[in-house]
Amino acid sequence: MLQGIIRNISSLISPTRTITMAAATFPELDIPTEKATFAMGCFWAPEPIYGCKKGVIRTKVGYCGGTKENPTYRSLGDHTEAIQIEYDPTQTDYKTLLGVFWRQHDSTAKYKSQYKSAIYYENDEQKKLAEESKAEYQKELQRPIVTDIEKLGKFYDAENYHQKYHLREHVQFYDSLGLTDPALVRSHVATRLHGYIYGYGTLADFEDESKKWSLSEDQIAFVKKQMAHPRAIHCGL
């Protein structure tokens, strides 16, 4: 239902001209990655925020931190909406991603478990870095940070329509990518485009990186147009 509403609205505001599809199948990276899992108030906004950060390979959204098995958006139980980031440790590191986490949401706002602020660590090193960064960032704030730091249990992928949610809002561009829902979740290119379209990267970086992707001229022009006047996104909490 939600997807239908988005598509109906977009059809009213989007030009009738279609966007030419890419000339070839998008290349995907098969390299060793590490993971970072954060909860930042909701999971729609963080995906583009992290999407084109240096070293980020792919992102997906889902539910974690609770005890209910197989949670869904409509039956979440005690889980929290979270983003899981796969990154290249030769290009960025966990500490850098933590810096983005602290500065891109309000870690002093107390919400119910679905929307709470949390860091889900995978090992002792991530836990140590999370606790140290929390203490350091607290020095910059007057209000106390309420972010929970917890051991990551099972991460449940969210429903397809939540994945790359804001990218899907650009219906013609999204359709031009020709990606199935499973491919979208795994797509390095879609992850990067999601960030660039919402203004979280530089034009120079996009021009350099997009040379590897076989995008059509229409697709490149669309991304550049969006980057010139990026639309603000937020969780609406």
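This is a predicted model: local features need pLDDT of at least 70, side-chain atom pairs count only at pLDDT 80 or more; totals for chains, interfaces and linings use all residues.
Helix H3 keeps six residues buried: Tyr94, Leu97, Leu98, Val100, Phe101 and Trp102. Buried here means under 20% relative accessible area, exposed means over 50%, and partly exposed is anything in between, using a 1.4 Å probe and protein chains only.

Residues are numbered from 1 along each chain as its sequence is written, and side-chain values use heavy atoms, leaving out hydrogens and water.

**Around H3**

The buried residues of H3 pack against strand E1 (34–40), helix H2 (46–51), E2, E3, strand E4 (117–121) and helix H4 (124–138). Take Leu97, which sits in H3 (residues 94–103). Leu97 counts as buried because its relative accessibility is 2%. Setting aside residues up to four places away in sequence, Leu97 touches Ala36, Phe38, Tyr50, Val56, Ile85, Tyr87 and Thr92; a contact is a pair of heavy atoms within 4.5 Å. Tyr50 is 47 residues from Leu97 along the chain, yet their C-alpha atoms are 8.3 Å apart.

**H10 and the cores**

Now over to helix H10 (residues 217–228), whose 12 residues reach 17 Å from first C-alpha to last, close to the 16 Å expected at 1.5 Å a residue. That expected span is 1.5 Å times one less than the number of residues. The buried residues of H10 are Asp218, Gln219, Phe222, Val223, Gln226 and Met227, and they pack against helix H6 (171–177), H8 and H9. An α-helix has 3.6 residues a turn, so residues three or four places apart point the same way.

Val223 turns up again in the largest nonpolar core, which has 21 residues; Phe173, Leu193, Phe206 and Val223 have the most contacts inside it. H6, H8 and H10 each supply at least two residues of this core, and the largest share, 5 residues, comes from H8. A nonpolar core is a set of buried Ala, Val, Leu, Ile, Met, Phe, Trp, Tyr and Cys residues joined through side-chain atoms within 4.5 Å. Leaving out neighbours within four places in sequence, Leu193 is in contact with Phe173, Leu177, Phe206, Trp213, Leu215 and Val223. There's also a second, separate core of 20 residues, which includes Ile85, Leu129, Ala130 and Ile145.

Most residues other than glycine have a negative phi.

Of its 20 lining residues, Gly55, His188, Arg192, Glu209 and Lys212 are the closest to its centre. Strand E2 (56–64), helix H8 (188–197) and helix H9 (203–210) each give two or more residues to the lining.

A pocket is an open set of points on a 1 Å grid over the protein atoms alone, where a 1.4 Å probe fits, with protein on both sides within 12 Å along at least five of seven lines; lining residues have an atom within 4 Å of a point.

How values were computed:
Helices (H or I, at least four residues) and strands (E, at least two) are DSSP runs, numbered from the N terminus.
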